Amino acid sequence: MLKVREMINRHPFLFALVAGGISATGFAPLNLWPLTLMMLALWIVILMQLQSRKAVFLSGWLFGVGHFVVGLNWIAKAFTFQAAMPESLGYIAVILLSLYLAVYPALAALMAWLMGKRRPWVFIIALAGSWIITEWLRSWVFSGFIWNPLGAALPEIFWAESAYVGTYGLAALAIVAGGILVQMGAAMKGRKWRQLLIIGLAIPFFTSAILLRAQFTNMNMILKGEPDGIPITVVQPNIGQQDKWKAGYEEQNLTKLAQLTRREDDSPRIIFWPEAAIPDYLETGYPVRYYYGRPPEFVRQQLGLLMRPGDVLVLGALKLEFDEAEGRAVGARNSVFAMDSERELLGRYDKAHLVPYGEYLPMRPFLSAIGLSRLAPGDFDFWPGPGARSLDLGKFGKVGLQLCYEIIFSGQVVDRDNRPDFIFNPSNDAWFGAWGPPQHLAQSRLRAIEEGLPVIRSTPTGISAVIDAEGSVIDSIPMGEAGRIDGRMPRAKPPTLFARYGNILPLGLAIILLISAIAIRVRAR
């Protein structure tokens with residue numbers, strides 16, 4: 001043990017980098033959350049023994065680099081589709097993105113160190129509060145990229161707390177848990193049995209309280225019964241990204257979707273198809289030369305043949321934006337359309353959180369000049385929509401729509417002035433390699449818990465799922481398989497505390513933690 005301690009003291013930056021990488025194994029699909037907590041504890045030990053701001057910031061940054069390179073490794077696979085690049089070059093993109101994202105853990109570490117130098121509990125509490133703030137900043141600075149928030153690496157029994165403090169608030173629980181491990185180790189080393197006893201009793205008490213509350217919630221749902229929800233069909237055609245846009249594949253892809261959609265039951269249902277399910281345009285009014293050879297009336301007629309009277313189809317498709325003076329397309333929107341069995345469009349949602357370098361190219365004139373326009377497909381960019389919106393589906397209620405990775409933005413997925421009855425998250429996870437889809441699913445489950453709403457996911461290659469308002473997966477289709485889910489929509493819960501107040505709650509928790517750290521520090525003097 002002494003030799004290990006000496007090695008950490010000699011090479012704190014190397015151990016910070018390694019600890020960050022191992023900490024990411026707590027996320028799906030590995031779910032090795034004990035390693036995450038242990039690596040957080042190791043990182044805390046490293047930070048508390050450093051003597052300068054520069055060293056603390058560097059240690060925090062290196063922890064973040066390791067954390068994000070491992071957790072976001074799936075992005076390398078996405079580049080092989082997006083820009084026809086070898087996967088090895090995709091890893092360069094992963095590293096570059098991680099170098100930026102690592103700034104946020106570095107800022108959290110520096111803030112906590114300035115407040116709690118040589119005062120362990122002050123440092124731990126301050127780090128918990130500062131991590132919440134920097135994670136929230138990561139969700140919106142430069143359009144935001146909050147994939148894999150730290151709370152998602154906790155065991156699922158703790159996810160229920162996101163209904164009260166949001167997913168960003170769960171990060172404080174992870175940091176404090178790591179800090180408790182540090183303090184337990186220090187107490188054992190110094191034979192501080194009283195402190196060790198207090199910590200030892202507090203852990204099972206706290207965990208038991210959460211488990212009992214979860215069991216009570218589940219029992220309460222059982223006693224109330226699960227009323228029959230509206231019939232639903234979720235389709236996963238297993239159409240790979242390499243086949244999606246090939247010339248001549250339109251009919252073959254539509255045939256796959258059609259085979260998985262038809263059924264003999266005449267009861268009206270909602271049919272859910274994935275993001276960009278078809279390459280055709282559904283709206284009229286475009287110049288004929290922009291059609292893919294199939295006018296929208298014909299396409300909607302084909303889709304209508306798959307539906308029974310009273311059905312509603314919700315699917316991803318594209319919309320074009322035109323310059324009226326020149327009569328040419330100048331932009332596109334990644335959209336979700338709702339269509340009834342009479343071939344009428346009930347509404348449209350346009351994706352608001354677009355993917356940089358995927359759906360639009362930042363600084364396009366400059367980057368195009370140096371040959372990087374190939375990172376964004378097409379001759380023009382996608383345009384963002386206005387944000388979360390609910391569409392009225394008549395007797396089926398209101399659906400809140402979040403396209404693909406939009407679902408990761410905690411507190412931004414629901415129109416709070418027009419609360420939906422459920423959320424539909426059509427996605428195209430065929431880009432995301434082996435790790436991306438289960439991570440995406442985990443974050444969708446957290447949104448269900450936060451908002452108290454069921455979430456429906458339909459993707460081309462998986463993982464499609466029906467998630468209830470408690471975040472439990474009722475049914476799913478594995479990755480790489482074609483299939484369908486026939487079932488009923490889980491019922492929504494009353495608005496949770498987080499659904500009412502959003503990210504004010506985790507930010508309020510962060511402020512309380514930081515004030516508490518200051519108070520403990522002042523009292524210790």
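Predicted model: local features only at pLDDT ≥ 70, side-chain atom pairs only at ≥ 80, totals over all residues.
T36 belongs to helix 3, residues 33–48. Is T36 buried or exposed? T36 counts as buried because its relative accessible area is 2%, and the cut-off for buried is under 20%. Beyond its neighbours within four places in sequence, T36 touches S23, T25, G26, L150 and A153.

S23 takes us to helix 2.

Now the geometry. Two packed helices are described by the angle between their axes and the distance between the axes. Helix 2 covers residues 12–23 and helix 4 covers 53–71. The two pack at about 35°, with axes 6 Å apart. Their crossing is right-handed.

Helix 4 also packs with helix 7, residues 103–116. Here the axes come within 7 Å and cross at roughly 145°. This crossing is right-handed. From helix 4, the residues are R53, V56, F57, G60, W61, G64 and F68. From helix 7, they are V103, P105, A106, L107, A109, L110, W113 and L114. The class count is 12 nonpolar, two polar and one charged.

How many strands form the open sheet, and in what order? There are six, in the order 5-4-3-2-1-12, with mixed pairing. Strand 5 (345–350) and strand 12 (483–488) are the edges, each pairing on one side only. From one strand to the next, the twist averages 30°.

Let me walk along part of it. Strand 2, residues 270–272, pairs with strand 3, residues 312–323, in the parallel sense over three bridges. I271 stands opposite L313 of strand 3. Helix 13, residues 296–304, packs on the sheet and touches strands 3, 4 and 5. The direction of helix 13 makes about 25° with that of strand 4.

Strand 3 and strand 4 pair in the antiparallel sense, over 12 bridges. F322 has A329 in strand 4 as its bridge partner. The hairpin of these strands has four residues between them, and G327 there takes a positive phi near 70°.

On to strand 5. Strand 4 pairs with strand 5 in the antiparallel sense, over five bridges. V336 has Y349 in strand 5 as its bridge partner. This hairpin has four residues between the strands too, with R343 at a positive phi near 70°. And strand 4 is mostly covered: 11 of its 13 residues are buried.

Last stop, E451. E451 lies in helix 15, residues 436–451. How exposed or buried is E451? E451 is buried, because its relative accessible area is 0%, against a cut-off of under 20%. Setting aside neighbours within four places in sequence, E451 contacts G411, V413, V414, R416, R419, T496, F498 and A499. For scale, E451 and I423 are 28 residues apart in sequence, and their C-alpha atoms are 9.6 Å apart.

Conventions:
Residues numbered from 1 in each chain as written. Heavy atoms only, no water. Buried < 20%, exposed > 50% of the residue type's maximum accessible area, 1.4 Å probe, protein only. Contact = heavy atoms within 4.5 Å. Axes fitted to C-alpha atoms, helices over the stretch in contact; angles between N-to-C directions. Left-handed = near helix turned anticlockwise from the far one by under 90°. Pairing = 2+ DSSP bridges. Nonpolar A, V, L, I, M, F, W, Y, C, P; charged D, E, K, R; others polar.
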